[in-house]
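Dear colleague,

I am handing over a structure for you to look through, and my notes on its aromatic rings follow below it.

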Amino acid sequence: MITRTKYNPKEIEGKWRTSWEAAGLYHAPDNSPKPKFYNLVMLPYPSGDLHMGHWYNFAPADAYGRFMRMNGFNVMQPIGFDAFGLPAENAAISHGVQARTWTLQNIDAMRQQLRVLGAQWDWEREIISCLPEYYKWSQWLFLQFYKRGLAYRTKAPANWCPGCNTTLANEQVLPDGTCERCGSVVIRKEIDQWLLRITNYAEELLNFSHIEWPDKTVTMQHNWIGRSEGAEIRFWAEIAGHREEIPVFTTRPDTIYGATFFVLAPEHPWVEKITTPDHKAEVDAYVDQARHMSEIERMSTEKEKTGVFTGGYVTNPVSGEQVPVWIADYVLMGYGSGAIMGVPAHDERDFEFARKFGIPIREVIRAADEAPSDPATWTEARESLGVMVNSGPFDGTPASEAIAKMISYIEEQGIGKHMVTYRLRDWLISRQRYWGAPIPIVYCEQHGMVPVPEEQLPVLLPDNVQFKPGGESPLRYEADFVNTTCPICGGHATREADTMDTFICSSWYFLRYADPHNDEQAWSEEAMQRWLPVDQYIGGAEHAVMHLLYARFFVKALRDMGYLHFDEPFTRLFHQGIVLGPDGQKMSKSRGNVVAPDNFVRKYGTDTVRCYMMFMGPFDAGGTFKADNLEGVWRFMNRFWGVVTDSWVEGKVNTQETAESKAIERLRNKTIKRVTEDLRNFRFNTALAALMECNNVLVKQQNEPVARTAAYRKALETMLQLLAPMAPHITEELWHQTGHTGSIHLTDWPSYDEALTHDETFTLVMQVNGKVRERVEVPATISESEARMLALNNPRVASFIGEHTVQKVIYIPGKLVNIVVRNS
Ligand SMILES: [Zn+2]
Ligand SMILES: [Zn+2]
């Protein structure tokens with residue numbers, strides 16, 4: 001027996017969180033006999049503020065984890081912090097606070113906010129990537145990659161600010177190409193950098209057959225990896241009296257007779273060799289201009305094509321023709337060989353370029369349905385396959401054979417070969433920054449580059465450093481850090497002062513969660529066997545390529561090293577949508593439309609905010625945040641609270657079955673089915689809608705006799721369980737108020753009887769003159785007139801009535817219709 005109370009989330013939410021934590025309710029034990037379920041959200045950055053985007057990601061993800069737990073799984077749902085990165089370093093530079101202190105303070109603040117969210121976080125597994133107990137293993141992983149030739153050092157281009165005398169991260173370069181700190185024009189400069197050989201895995205990374213990921217993300221990774229198949233063909237030129245060859249890659253070797261020009265990337269080493277003295281000044285100016293542009297700008301299809309003629313020529317090895325050599329910024333050094341053959345008739349970019357500079361356009365491929373025409377009249381390139389024309393001995397080769405035939409020809413002639421290329425490049429992981437994991441390498445005068453022995457890890461990042469005003473990494477000036485001894489000869493050596501990209505930390509954190517306190521190993525094999533791979537990963541679609549690709553690469557590389565037994569890190573992936581500001585625009589400080597969840601939590605409590613996030617719309621679609629709509633969810637909570645407490649106040653329960661109580665039982669079964677199927681498929685909004693509909697029916701009958709039946713109470717108890725994943729506090733409170741012991745979150749998910757999920761029916765027997773002629777399933781609620789009409793219009797019954805006159809129709813409710821006809 002309970003007394004009527006008012007729903008007051010302030011009184012119950014904090015209380016239950018403390019109780020759950022004290023009981024260790026959400027710790028996933030390593031020794032449970034239940035099947036495991038690894039439910040993971042993306043590692044948050046400790047900005048110090050849990051915003052709406054976090055809530056929209058974490059609250060539904062938590063509801064899903066709770067649902068799986070009630071379905072019998074040992075659910076692991078860890079949380080931690082991606083704690084290295086630029087913002088802490090910027091705070092250190094501008095406010096003089098230590099990056100470590102700033103970060104740990106933010107983590108403290110975020111832990112509190114994460115607790116308020118009421119999720120079943122397994123805090124015992126928390127990881128913080130900037131602490132030595134974590135980054136020791138990031139460094140160990142680097143060494144494993146290094147040992148196997150998967151980590152290497154080479155010259156690579158970086159954003160360089162001549163004003164600050166330092167490299168810049170992409171986000172420090174403003175859209176107009178200037179430094180965010182000093183306004184200087186940022187240039188690209190080649191410096192020593194560390195890279196990981198992700199390209200070794202390009203082909204395998206294209207295989208998604210064992211994972212369930214959103215199609216869009218799979219497509220983005222495909223495009224990012226950018227596999228193309230074609231041929232490498234070597235053009236050549238006489239340079240200083242020698243024949244020198246220059247390879248180009250093309251997916252369309254069948255168009256080689258249409259190459260009317262040749263383009264080098266401005267950075268190509270041949271530019272200097274091939275430029276004639278009369279073109280040098282113009283070429284130099286163009287090269288300098290291209291250095292100041294980002295790759296994205298250069299590759300933009302919007303941008304008008306620019307370029308200059310070098311004065312030089314190369315020889316087309318198939319046709320023997322002399323082809324003029326240009327330089328143009330739409331050709332990039334990093335892709336293919338940094339050189340292309342220009343075939344304007346059959347490539348759109350080449351077409352635009354040729355049009356602009358008056359270069360001849362020669363048709364060499366003609367589609368079957370096309371009549372010969374003058375390319376000078378074309379408005380665009382013709383990129384489809386077709387019969388080869390104007391191609392010497394190859395004329396008339398059909399589309400189906402053209403590419404293969406040209407490839408075998410160039411291979412026979414020794415002037416090229418079949419080739420597969422990828423757009424994907426090796427992963428540049430070194431940062432000329434302080435706040436990251438130091439790269440465990442030292443340089444000895446005698447022994448050169450030497451890896452730090454594993455037993456000397458971690459290479460500690462100093463806490464106290466002197467920042468340079470321009471933002472240059474202070475590590476290289478920290479004598480205590482930089483000066484060390486060579487592990488081989490014991491002589492003087494200097495440490496690598498670059499730190500690792502934070503994407504390294506987030507490429508393996510999901511492994512560490514399974515074994516977070518292991519100080520002997522990064523993880524034990526046992527922990528991997530028990531918990532990995534991640535069963536469900538939930539996070540933003542903005543990570544479709546970098547993080548999600550790097551993590552896949554890590555797992556595959558570590559598998560090949562013998563450290564892991566699986567091929568893919570995340571079996572199922574779900575991307576939540578984006579919560580827009582009240583004006584329907586993306587939330588941003590500059591627009592002034594940022595809505596913080598905290599105020600609403602204070603007003604309505606966590607459960608209402610959680611449920612509102614899930615009710616807003618389909619989880620993958622996001623929606624517009626409307627404060628008014630929170631009221632609707634708040635009213636539902638209050639009505640539900642009221643009906644549950646009232647029902648138990650009434651006390652006495654009638655166990656007799658009535659038509660009304662049977663209807664309630666059907667409603668209960670139907671609701672279980674709907675909510676179960678919806679939650680399984682991340683349809684939180686429709687699950688909540690089903691619960692609201694059920695609640696409306698129960699509220700409507702609150703003052704009727706049925707409200708005192710066992711069926712009615714059972715329906716309320718079931719509602720509590722079905723709502724528990726989404727609103728964990730109110731349901732826990734009411735579960736206890738209604739006399740249950742133990743946490744509702746440890747109960748088994750309600751099951752349903754399929755038969756009871758359909759509307760009640762009976763078999764209506766249709767007779768003609770007392771003989772059964774038809775049987776039809778009809779709703780139990782059918783009226784007499786409906787039953788009569790149904791029988792009279794039934795085709796089989798009608799055939800027995802024929803031309804006879806109907807004398808009368810007898811109806812026995814719930815059983816039969818008998819049509820009496822006069823025999824003529
Ligand atoms: Zn600068
Ligand atoms: Zn040495």
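**Charges over rings and aromatic pairs**

In this predicted model, the charged end of Arg197 sits over the ring of Tyr152, 4.0 Å from the ring centre, where "over" requires NZ of Lys or CZ of Arg within 6 Å of the ring centre and within 35 degrees of the ring normal. Arg773 likewise places its charged end over the ring of Phe800, 3.8 Å from the centre of that ring.

The structure holds 54 aromatic pairs; rings of Phe, Tyr and Trp (its six-membered ring) pair if their centres lie within 6.5 Å, and planes under 30 degrees apart count as stacked, over 60 as edge-to-face and the rest as tilted. One of these is the tilted pair of Phe353 and Phe357, with 4.8 Å centre to centre and 50° between the planes. Both residues lie in helix H11 (residues 348–357), four residues apart, about one turn of the helix; helices (H or I, at least four residues) are DSSP runs numbered from the N terminus. Phe353 is buried, because its relative accessible area is 0%, whereas Phe357, at 27%, is partly exposed; buried means under 20%, exposed over 50% and partly exposed in between (1.4 Å probe, protein chains only).

Tyr434 and Trp435 form another tilted pair, 5.8 Å centre to centre with 45° between the planes.

Residues are numbered from 1 along each chain as its sequence is written, and chains are lettered from A and ligands numbered from 1 in the order in which they are written. Local features need pLDDT of at least 70, side-chain atom pairs count only at pLDDT 80 or more, totals for chains, interfaces and linings use all residues, and side-chain values use heavy atoms, leaving out hydrogens and water.

Best wishes

Definitions and conventions: Helix = DSSP H or I, 4+ residues; strand = E, 2+ residues; numbered from the N terminus.
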